[in-house]
Each structure stands twice: as C-alpha cells, then as structure tokens.
Amino acid sequence: MKNGMSRAPSVLLALGAYVLPFVLSRSTSPTPDHPRIFVWYRALRQPAFKPPDIVIPLAWTAIETGLAVAAYRLLQKPSSPERTRSLAWLAGNVAAIGGWSRLFFGSRNLPASTFAAA
C-alpha cells in the first residue's frame, strides 16, 4: 500500500494496541476482585520508592494510549521496510506488556518476569 492504511482499519488496529495488554493482564491483576493475587502482591517486600497504587493504572493508561497513537501514526505512513519493522517491534512490545503481567502476577514467576521485563 503506497499511502499507508486507510483510516478505519488503522483505528481498529491501534485500538488493539490499547486493549490487548489490558485484556491479557486483567485476569491476573492485583486488585480486590482477585483476592489471592492481591494478598500475594501485598505480601511482597516492596521498595520505598514504589509509587502509590493509584499512580500505576494512570501511568499504564498513558503508556497504552501512547502506544495506540504510535500504532495509528505508523499505520498511516506509506508502506516500507522501516515501517514494517517498527510495527513488528510495537506489536512485540504490546504483547510483552500483557505477557509480563501473566508471568509476574499469574504465574508468580519472579525470575522469568524479571528476564521478560529486561
């Protein structure tokens, strides 16, 4: 495609970049509606510099919004190897965000989630 993807498919794919990490991580989130995960997370020894809990969803909303905007803007660019590579890296990042949550909160695998985060 010479002039980039049309608007509607670009918007749908960009929304996927926003929604996919939430969907992947929702079932393992450390919230009161997941009491076992919530208690486990609260029991972890956490550093003093950890931000307050209210900041975490706000920060991730901003990050996911940024990724969705980046995806939309990339999809609007003319097709090129650079664009394809950038979209592949972005897609990998989006999948890794949700996957990390499953490793850390779902599997409680601290070594694997640390490796995945790196």
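Q: Which residues make up the largest nonpolar core?
A: This is a predicted model, in which local features need pLDDT of at least 70 and side-chain atom pairs count only at pLDDT 80 or more, while totals for chains, interfaces and linings use all residues. Residues are numbered from 1 along each chain as its sequence is written, and side-chain values use heavy atoms, with hydrogens and water left out. A nonpolar core is a set of buried Ala, Val, Leu, Ile, Met, Phe, Trp, Tyr and Cys residues joined through side-chain atoms within 4.5 Å, where buried means under 20% relative accessible area, exposed over 50% and partly exposed in between (1.4 Å probe, protein chains only). The largest such core has 7 residues in all, namely Ala14, Ala17, Leu67, Ala71, Leu90, Val94 and Ile97.

Q: Which helix supplies the largest share of this core?
A: Helices (H or I, at least four residues) and strands (E, at least two) are DSSP runs, numbered from the N terminus. At least two residues of the core come from each of helix 1 (7-26), helix 3 (55-76) and helix 4 (81-106). The largest share, 3 residues, belongs to helix 4.

Q: How many residues are in another core that lies apart from this one?
A: Nonpolar side chains in soluble globular proteins tend to be buried together. The other core includes Ile37, Trp40, Tyr41 and Phe105. Its number of residues is 5.

Q: With which residues is Val94 in contact, leaving aside neighbours within four places in sequence?
A: Val94 is a member of the largest nonpolar core. Contact means heavy atoms within 4.5 Å. With the sequence neighbours left aside, the partners of Val94 are Ala17, Leu20, Pro21 and Leu67.

Q: How many helices and how many strands does the protein chain have?
A: From the N terminus on, the elements run α-α-α-α-α. The C-alpha trace of the chain spans about 55 × 25 × 25 Å along its principal axes. The secondary structure comes to 5 helices and 0 strands.

Q: What distance does helix 4 reach from its first C-alpha to its last?
A: Helix 4 has 26 residues.

Q: Against which helices do the buried residues of helix 4 pack?
A: The buried residues of helix 4 are Arg83, Leu90, Val94, Ile97, Gly98, Ser101, Phe104 and Phe105. They pack against helix 1, helix 2, helix 3 and helix 5.

Q: What is the volume of the largest pocket?
A: A pocket is found on a 1 Å grid over the protein atoms alone, as an open set of points where a 1.4 Å probe fits, with protein on both sides within 12 Å along at least five of seven lines; lining residues have an atom within 4 Å of a point. Grid points are joined across faces, edges and corners, and the volume is the space filled by probe spheres set on the points. For the largest pocket, this gives about 1100 Å³.

Q: Which residues of the lining are closest to the centre of the largest pocket?
A: Helix 4 gives the most to the lining, with 7 residues. There are 33 lining residues, of which 20 are nonpolar, 7 polar and 6 charged; Ala, Val, Leu, Ile, Met, Phe, Trp, Tyr, Cys and Pro count as nonpolar, Asp, Glu, Lys and Arg as charged, and the others, Gly among them, as polar. The closest to the centre are Pro30, Ile56, Trp60, Trp100 and Phe105.

Q: Is Ser29 buried or exposed?
A: Ser29 is in the loop between helix 1 and helix 2. Not counting residues up to four places away in sequence, Ser29 touches His34 and Ile37. Because its relative accessibility is 12%, Ser29 counts as buried.

Q: What separates the C-alpha atoms of Ile37 and Gly106?
A: Ile37 is found in helix 2 and is buried, with a relative accessible area of 11%. Its contacts beyond four places in sequence include Ser29, Phe105 and Arg108. Ile37 and Gly106 are 69 residues apart along the chain, and their C-alpha atoms are separated by 7.6 Å.

Q: What is the phi of Arg108?
A: Arg108 follows helix 4 and lies in the loop between helix 4 and helix 5. At 32% relative accessibility, Arg108 counts as partly exposed. Its phi is positive, in a residue other than glycine, and is near 55 degrees.

Conventions. The expected span of a helix is 1.5 Å times one less than its number of residues.
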